[in-house]
Amino acid sequence: MVDKKVITELSEIVGEEYISTKQDVLLAYSSSASMASDPIIPGAVVRPTNAEQVSRIIQVAAKYDIPVTPRSGGSSLQEEVIPKLDGLVVELMRLDEIELHKELRSVTVGAGVTYGVLEKFLKEHDVFLPVYPESALVCTVAGNVAVNGAGPGSSKFGCTGELVLGVEVVLPDGQIITTGSEANPYAPGPYQRYAFGPDITGLFIGSLGGFGIITKVSMKVFKRHMFYDYNTFGFETHEQAERFMVDIKQNDINGVFTSLYEGPVLELFMDMIGEELGIPKYEWPFRTVSMTIGRVREDMMKSDAELAKKLCEKNGGHVIGISELPYSEWTGRLWFFVRACYIHGWHWRTLYHHQTPTNAHRSVEEIRDVMEKYGFLGHTAGFASGHSSFNAYPHLYFDPQDPEDEQKIRDAHKELAKTLFKTGAVPFKLAPYWADAIEGMDSYMAFLELVKKTIDSRGIMNPRVLGGL
Amino acid sequence: MEDEIVQKLVAIVGKEYVSIRQDILLAYSTSASMSYDTRLPGAVVRPQTTEQVSEVLKVANQHKIPVTPRSGGSSLQGEVIPKEGALVIDLLRLTEIEVYPDLRSVTVGAGINFGKLDKYLNKQDLWLPVYPGSSLTATIAGNVAVNGSGFGSSQFGCIGELVLGLEIVLPNGEIVQTGSEANPNASGPFLRYAFGPDLTGLFIGSLGVFGIITKVSLKIFKRMHHFDYNTYGFNTPQEAEKFVIQCKENEISSVWIAIYEGKILDFFLEMVGEEYGVPKHEWPPITVSMVIGRIREDQLVSDRIEAQRICVEEGGHVIGISELPKGEWDDRMRELARSSYVHGWHWRILYHHVTLSQWHRTIEEMWPIFDEFGVLGHTAGFQSDHSSYNYYPQIFFDPQDKEDESKARAAHKELVKRLFKTGAVPFKLAPYWIDGITEMEPYLEFVKGLKDAIDPNGIMNPGIIPGIEGED
C-alpha cells in the first residue's frame with residue numbers, strides 16, 4: 001500500500017486519470033513477459049507524459065523512500081520490470097515523441113516508443129534503426145537500451161549500445177541530464193556520443209534503470225537497405241561453421257543477420273514453423289548458418305553473396321541454397337522470434353548471453369549437459385551480435401501447471417548460468433541470477449556498488465536488479 | 001617530494017625507475033601542449049606492471065599526493081602537465097601486445113603507441129584503423145583517455161567506438177577490468193556491452209580523473225589494400241556538406257574525408273604541397289579530399305563510381321587530383337603533426353566536433369575572432385564518425401612575444417564560447433571548455449558526484465577537469 005498522501009501528491013503531478021491503485025490494474029503490472037517468475041503487486045502505477053513529470057514523481061518517491069520500477073513495453077524476459085512489493089511502477093508509454101534528424105543521421109525517441117512504431121515512421125523517410133529485438137512490436141527502444149539488447153541487424157550493426165548517441169535521464173534526485181552531444185543545449189540534435197568526456201552515456205546502457213529513468217534515447221539511423229541476399233550454409237563440424245562466421249566479419253560481408261543452428265535445434269524449429277514459412281523439407285546438417293546480407297547498393301550485395309559462398313566452401317562447408325529460412329527470419333524480424341517462442345505453447349526460462357563466435361559450441365554443450373542432468377526439454381540457438389560476439393538464447397521448457405517441473409527449470413537455469421560463466425560467456429547485464437554465477441569479479445562488483453550508491457544513495461531505483469546491489 | 005615517499009616508490013619499482021632529479025623533472029614539466037605554463041612535478045615514477053601501478057597509487061592515495069598519469073606526452077591541451085610537486089606516473093614501460101585473431105581484437109599495455117602497434121599488426125595483415133595526428137608517439141591508452149580520433153575515423157569512428165574493454169587501476173589501488181574480460185574465464189576481449197551497465201565509457205575521455213588505464217582492448221580489422229584517392233570541388237559549403245552526408249548514407253567506405261576552404265587549402269599546400277607532389281591548381285571555394293578504402297577491389301570500384309555520381313548530383317565537380325588525399329593518407333602517422341610544426345610557429349589548438357551539416361559554422365565564427373583579436377590561424381579537420389566532423393583550429397603566436405601569446409590565449413577562450421553556442425562539442429571537459437559551457441550544471445554535478453566517490457582524496461589528475469572538482 002502506498003500512503004494516501006503520496007497518491008495525492010502523485011496525482012497532482014500527472015492528473016487523476018494517470019495514477020492507479022486499483023487491484024486489477026496493479027495485477028497487470030505485477031508481471032511481465034518474463035515467464036517462471038513470481039508476480040509481485042506494486043503499490044501504485046503512475047503514467048507520466050514527459051520528463052518533467054518523471055522528475056517530480058522521482059522526487060516524491062525519494063521523499064518517501066518508495067522503491068521505483070520504471071517500465072515501458074514490459075516485454076523483457078528476465079524479471080527486469082517485476083516491481084517491489086508496494087513499490088511504485090513508473091510506466092513510460094506516454095512518452096511517445098519521435099524526432100528525426102535526417103542530416104545528422106539520427107533519431108530521438110521518447111521512452112514509450114516501440115520498435116514497431118519507430119520502424120513504421122522511419123520507413124517513410126527511407127531510413128532504419130537497424131537492430132530489432134525479438135519482441136520489436138511491444139519492446140521500446142529505451143527499454144532495449146536499459147537491458148543492453150541485441151537482435152536481427154546486430155550481426156552487422158552490433159548491440160543496441162553501439163547505436164546510442166545519447167540519453168535523457170531523470171536521476172534519482174530528480175535532476176534531468178542529457179548525455180552525448182545534446183548535453184550542449186545549443187546542439188542541433190544528437191550527432192556524437194563521445195563528447196564532454198568522460199562518456200557517461202554508457203552508465204545507463206544495460207543499467208536496468210538502476211541509476212535513473214531513461215526518458216529519451218538518441219540513436220544512429222541509416223539509409224535503408226534495399227538489396228538482400230538470403231542463403232543457408234551447411235557444415236559438418238562446429239569449427240568449420242564458427243570459422244565461417246569469423247571470416248564473414250573479417251571480409252566485410254554485410255551479414256545483417258547471421259544465425260547459427262545446431263542440427264536437432266533446427267529440426268525442432270522446423271517442426272514448429274517450417275510449414276507455415278514454406279521452408280522445404282531438408283536433411284539439415286550438423287551445423288547450419290542462415291544469413292541475410294543487406295546492402296544499399298545491388299552490386300555490393302551481389303559481391304558479398306558470391307564471396308560468402310566461396311568462404312563457405314573454403315571452410316569445408318557446402319552452400320545449402322535454401323533461402324526461405326533467412327528470408328523469414330529477416331522479413332519477420334519484428335515478430336519472428338516471439339512467434340517461434342510461443343507457438344508451441346510451452347513455457348520457458350531464457351538465459352541470454354554472449355559468447356565468442358569460436359566458442360558457440362560450448363554454449364550448446366553446456367545446455368545439453370544441464371538438460372540431461374535435470375531431465376527437461378530445451379534448446380539454444382544464436383546469432384552474430386557484433387564485431388566478434390555471438391548472442392545465444394537458451395530456452396528451458398517447463399509445464400506451468402506443474403510446480404515441481406517449474407522448480408526444476410529454475411534450478412537448472414541457475415546452474416546453467418554458473419557453467420556458462422566458466423566457459424567465458426558474459427551476460428548482457430547483471431540480472432539477479434547472474435550475480436550468483438559470477439566469480440572472480442569482486443573488484444568490479446565493488447566498483448559498481450560504489451557507483452550505484454553514489455548515484456542512488458537511497459537505493460530507490462529498481463532495487464531488484466543489478467544483482468541486488 | 002619527501003624522502004619517505006620516494007623510498008616507498010623505490011621499494012615498488014626499483015631505484016632505477018624513480019627520479020627526483022631536476023633535469024628529469026623538467027622533461028615531465030611540459031608536453032607537446034604549446035602555450036601552457038610548465039610545472040615541475042615532485043617525482044616521476046615508471047612502473048612496469050599493473051600491480052606496480054596499483055602499489056604506487058596506494059602510496060599516493062595514502063599521502064594524498066596529486067598524480068598525473070602520462071604516456072606519450074603528445075597531447076596538445078595541457079592534459080599531462082602535472083600539478084606543482086605532483087607525482088607523474090609514466091606508463092611507457094607497460095608494453096605488452098596481445099592479438100586475438102579469432103576475436104578480431106588486440107590488448108595493449110598503456111605504453112604502446114600507434115606506430116608500434118601498426119607495425120606489429122601489419123605483419124598479420126591487420127590494423128587498428130584510427131590514427132591520431134601524432135601516431136608515432138601517442139599511445140592508444142592515452143588516446144582513449146582523451147577521447148581522440150584521427151585518420152580512419154571517417155569510417156571507424158572515434159577511438160571510443162573501437163574500445164572493447166579496459167583495465168583500470170582505481171585511486172585506491174583496486175584493479176578493475178571492464179567489458180567481456182571482466183569474466184576471468186573469457187578467452188579474450190570480444191564485447192564491450194557485457195555485465196551492463198557499461199563501465200568502460202566512464203574512462204573514455206576521462207583524462208585519468210577516475211583512475212589509470214593500464215591496458216586497452218580494441219577491435220581490429222583486416223587491413224585494407226585497395227584505396228581510391230580523389231578531390232571534389234564545390235562552390236558552397238552546403239553542397240560539400242551534403243556530398244559528405246550522402247557518401248556516408250550510401251555506405252561509401254571513406255577512411256578519410258577532409259573539407260577545405262579555398263584559402264586554407266592554399267595555405268596548407270604552401271607548406272606540404274610540393275613535398276606531396278600536388279600539382280598547381282585553382283582550387284574551388286570548397287574542396288573535399290577523400291580516401292576510400294576497401295578490402296576488396298570490386299567494392300572499391302563501386303564506391304568510386306558512387307562517390308562521383310553523388311558529387312555531380314550535389315552540384316560539384318570531380319577535380320581528379322589524387323596527390324592531396326594520397327599524401328595525407330600515406331603520411332597519416334605524422335602528417336598532422338608535421339604540417340602543424342613545419343612552419344615553425346607556435347599555436348593553441350581547439351579540438352571540437354560539429355555536425356556535418358554545420359561544418360561551415362566553425363569557419364564563420366573563426367575568421368571574425370581572428371580579426372577582432374588580431375591573430376593568425378586557420379582550421380582544418382576531418383569527418384569523424386557517424387555524422388560528425390572533427391575540427392582543430394590553430395591560433396598562431398610568437399612564443400617570444402608575451403603580448404602576442406596572451407592575445408592568442410584570449411582569442412582561444414572567446415572562440416570556445418562562440419563555438420559552444422553553435423552547438424559544437426568538445427571531446428572532453430578540458431579546463432577552457434568549462435568556461436565556455438553554459439546551462440550544463442546538472443550534468444557537471446553528476447560527473448562531480450562520481451569524481452568525489454571514486455577519488456575521494458582528489459588525487460587523480462587534479463585541475464584537468466576543474467568543473468567537477470570540489471573547492472581547493
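This report describes a helix pair and a residue in chain A, and a helix in chain B, of a predicted model.

## Basis of the model

In this predicted model, local features need pLDDT of at least 70 and side-chain atom pairs count only at pLDDT 80 or more, while totals for chains, interfaces and linings use all residues. Residues are numbered from 1 along each chain as its sequence is written, and chains are lettered from A and ligands numbered from 1 in the order in which they are written.

## Helices α12 and α13 of chain A

Helix α12 (residues 360–374) and helix α13 (residues 403–422) of chain A have axes that come within 10 Å and cross at roughly 145 degrees (axes are lines fitted to C-alpha atoms over the stretch in contact, with angles from 0 to 180 degrees between N-to-C directions; helices are DSSP runs of H or I of at least four residues, and strands runs of E of at least two, numbered from the N terminus). Among the residues making the contact are Ile367(A) and Val370(A) of α12(A) and Ala412(A) and Leu416(A) of α13(A), contact meaning C-beta atoms, placed from the backbone, within 7 Å.

## Helix α7 of chain B

In α7(B), the buried residues include Ala240(B), Phe243(B), Val244(B) and Ile245(B), and their cover includes β12 (226–234), β13 (254–261) and α9 (297–313) of chain B. Just after α7(B), Glu251(B) takes a positive phi of about 60 degrees.

Methods
Contact = placed C-beta atoms within 7 Å. Buried ≥ 20, exposed ≤ 12 C-beta atoms within 10 Å, placed from the backbone.
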